[in-house]
Amino acid sequence: MKKLIKIISLSFLIMSCGPQYGQITPDMRKFMNQHNAPLLITGVSLSSSNSVGGRDVIMNLEITSEKTIKYIFPSFSAYNEVNDKINCTIRDYNIFEGKATGPYNKESKKSVFYWENAYYNWSAHCVELVEVTIEYVDGTIDKYSTSDEISKLYAPQEFQRTVGIGCNF
């Protein structure tokens with residue numbers, strides 16, 4: 001019983017220290033309001049391998065668009081530990097195309113998106129976001145496909161919240 005009380009007490013202490021994962025701080029909210037893009041990406045990464053080498057792609061973001069988003073189509077490229085592109089050994093692709101179905105707007109609570117078993121490859125180390133297409137409910141489409149365009153979607157380093165391993169090149 002004493003051990004259980006210690007664990008519960010420690011859990012409350014940890015949860016009360018500073019902003020929690022996924023919580024938007026006042027500084028981040030201020031930046032988001034000034035951000036001139038529909039998304040603010042706070043992290044892109046891979047999960048650990050499952051028992052057969054499957055890796056999930058994880059993308060953390062906040063919606064900053066004034067318009068309601070119908071779909072988000074992110075595309076990722078996977079790399080090994082020496083930054084060589086690698087392919088999914090089952091589906092034989094390097095570019096994984098994800099899809100997130102909305103509707104999403106500024107009030108949306110969902111900020112972590114993941115695609116299960118996007119890559120099967122034991123050497124997969126990290127993923128890079130290579131394209132994002134956003135389709136709005138009004139039928140308009142925004143496409144970000146160059147590294148300069150994609151970099152404008154990323155949050156500054158102090159707002160990054162990557163879970164897992166992200167590419168650092």
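1. Buried here means under 20% relative accessible area, exposed means over 50%, and partly exposed lies in between, with a 1.4 Å probe and protein chains only. On that scale, buried residues make up 40% of the chain's 169 residues.

2. Some ground rules. This is a predicted model, where local features need pLDDT of at least 70, side-chain atom pairs count only at pLDDT 80 or more, and totals for chains, interfaces and linings use all residues. Numbering starts from 1 along each chain as its sequence is written, and side-chain values use heavy atoms, leaving out hydrogens and water.

3. Overall layout. The chain has three helices and eight strands. Helices (H or I, at least four residues) and strands (E, at least two) are DSSP runs, numbered from the N terminus. Along the sequence the pattern reads α-α-β-β-β-β-β-β-β-β-α.

4. Contacts and surface. A contact means heavy atoms within 4.5 Å. Of the contacts with a separation of 6 or more, 71% join residues 24 or more positions apart. The chain exposes about 10000 Å², and carbon and sulfur atoms supply 53% of that. Areas come from the Shrake-Rupley method with a 1.4 Å probe.

5. Core. A nonpolar core is a set of buried Ala, Val, Leu, Ile, Met, Phe, Trp, Tyr and Cys residues joined through side-chain atoms within 4.5 Å. The largest one holds 33 residues; V57, F76 and Y119 touch the most other members. Elements giving two or more residues to this core include strand 2 (54–63), strand 3 (69–79) and strand 6 (112–120). Leaving aside residues up to four places away in sequence, V57 touches, among others, F76, F96, W115 and Y119.

6. Three strands form an open sheet in the order 1-2-6, with antiparallel pairing. Strand 1 and strand 6 are the edges, each pairing on one side only. Neighbouring strands of this sheet are turned by 20° against each other on average, direction ignored. Two strands pair if DSSP finds at least two bridges between them; strand 1 and strand 2 have seven. S45 stands opposite I58 in strand 2.

7. Aromatics. Rings of Phe, Tyr and Trp (its six-membered ring) pair if their centres lie within 6.5 Å; planes under 30 degrees apart count as stacked, over 60 as edge-to-face, the rest as tilted. The whole structure has six such pairs. Y93 and F96 are tilted, at 6.2 Å centre to centre and 40° between the planes. Y93 and Y119 are edge-to-face, at 5.8 Å and 70°. This second pair links distant parts of the chain: Y93 sits in the loop between strand 3 and strand 4 (95–97), Y119 in strand 6, 26 residues apart. Y93, F96 and Y119 form one aromatic cluster. Y93 and F96 are buried, and Y119 is buried too.

Key: Axes are lines fitted to C-alpha atoms, for helices over the stretch in contact, and angles run from 0 to 180 degrees between N-to-C directions.
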